[in-house]
Amino acid sequence: MLNNILSVYNQNKDTLEIEKAQILHRLKLVELWGVKKGDKVLEIGCGQGDTTLALASVVGENGYVT
């Protein structure tokens, strides 16, 4: 899951480790929130979209993130 999310980022090795840590943090939040496959989620204030990517990767093809 992490590698799929990171694949959309610029593969600049200077920033990749930071982005990896940020995505891991967001995935942990999504887990703590109890989001699961097939859920429908409304995200408010998505900023740069990192959490949106984490949410979308968890809800999968049958879920939806707005």
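Predicted model: local features only at pLDDT ≥ 70, side-chain atom pairs only at ≥ 80, totals over all residues.

User: How many salt bridges does the count come to?
Analyst: The count comes to one salt bridge.

User: What else is in contact with Asp39?
Analyst: Gly63 is in contact with Asp39, and also with Gly38, leaving aside neighbours of Gly63 within four places in sequence.

User: Where is Gly63 found?
Analyst: Gly63 sits in the loop between α3 and β2, with β2 spanning 64–65.

User: Is Gly63 buried or exposed?
Analyst: Buried. The relative accessible area of Gly63 is 15%, and buried means under 20%.

User: How far is Gly63 from Leu32 in space?
Analyst: From C-alpha to C-alpha, Gly63 and Leu32 are 18 Å apart. In sequence, 31 residues separate them.

User: New topic, the helices. At what angle do the axes of α2 and α3 cross?
Analyst: At roughly 55 degrees. Helix α2 covers residues 13–33, helix α3 covers residues 50–59, and their axes come within 9 Å. That angle makes α2 oblique to α3.

User: Left-handed or right-handed crossing?
Analyst: The crossing of α2 and α3 is right-handed.

User: Which residues meet there?
Analyst: From α2 come Gln22, Ile23, Arg26, Leu27, Val30 and Trp33. They meet Asp50, Thr51, Ala54, Leu55, Ser57 and Val58 in α3. Sorted by class, this contact has seven nonpolar, three polar and two charged residues.

User: Let's zoom in on Gln22. What does it touch?
Analyst: Gln22 lies in helix α2. Not counting residues up to four places away in sequence, Gln22 touches Gln48 and Asp50.

User: And why does Gln22 count as partly exposed?
Analyst: Its relative accessibility is 29%.

User: Tell me about Thr51, then. Buried or exposed?
Analyst: Thr51 has its place in helix α3. At 17% relative accessibility, Thr51 counts as buried. Thr51 touches Arg26, Trp33 and Glu43, not counting residues up to four places away in sequence. The C-alpha atoms of Thr51 and Val41 are separated by 11 Å, and the two are 10 residues apart along the chain.

User: What about Thr52?
Analyst: Thr52 is found in helix α3 too. Thr52 is partly exposed, at a relative accessible area of 25%.

User: Which residues is Thr52 in contact with?
Analyst: Glu43, Cys46 and Val65, leaving aside neighbours of Thr52 within four places in sequence.

User: Last one. How far is Thr52 from Lys13 in space?
Analyst: Thr52 and Lys13 are 23 Å apart, C-alpha to C-alpha, and 39 residues apart in sequence.

Note on methods
Residues numbered from 1 in each chain as written. Heavy atoms only, no water. Axes fitted to C-alpha atoms, helices over the stretch in contact; angles between N-to-C directions. Helix = DSSP H or I, 4+ residues; strand = E, 2+ residues; numbered from the N terminus. Parallel < 35°, antiparallel > 145°, perpendicular 65-115°, else oblique. Left-handed = near helix turned anticlockwise from the far one by under 90°. Contact = heavy atoms within 4.5 Å. Nonpolar A, V, L, I, M, F, W, Y, C, P; charged D, E, K, R; others polar. Buried < 20%, exposed > 50% of the residue type's maximum accessible area, 1.4 Å probe, protein only. Salt bridge = Lys/Arg side-chain N within 4 Å of Asp/Glu carboxyl O.
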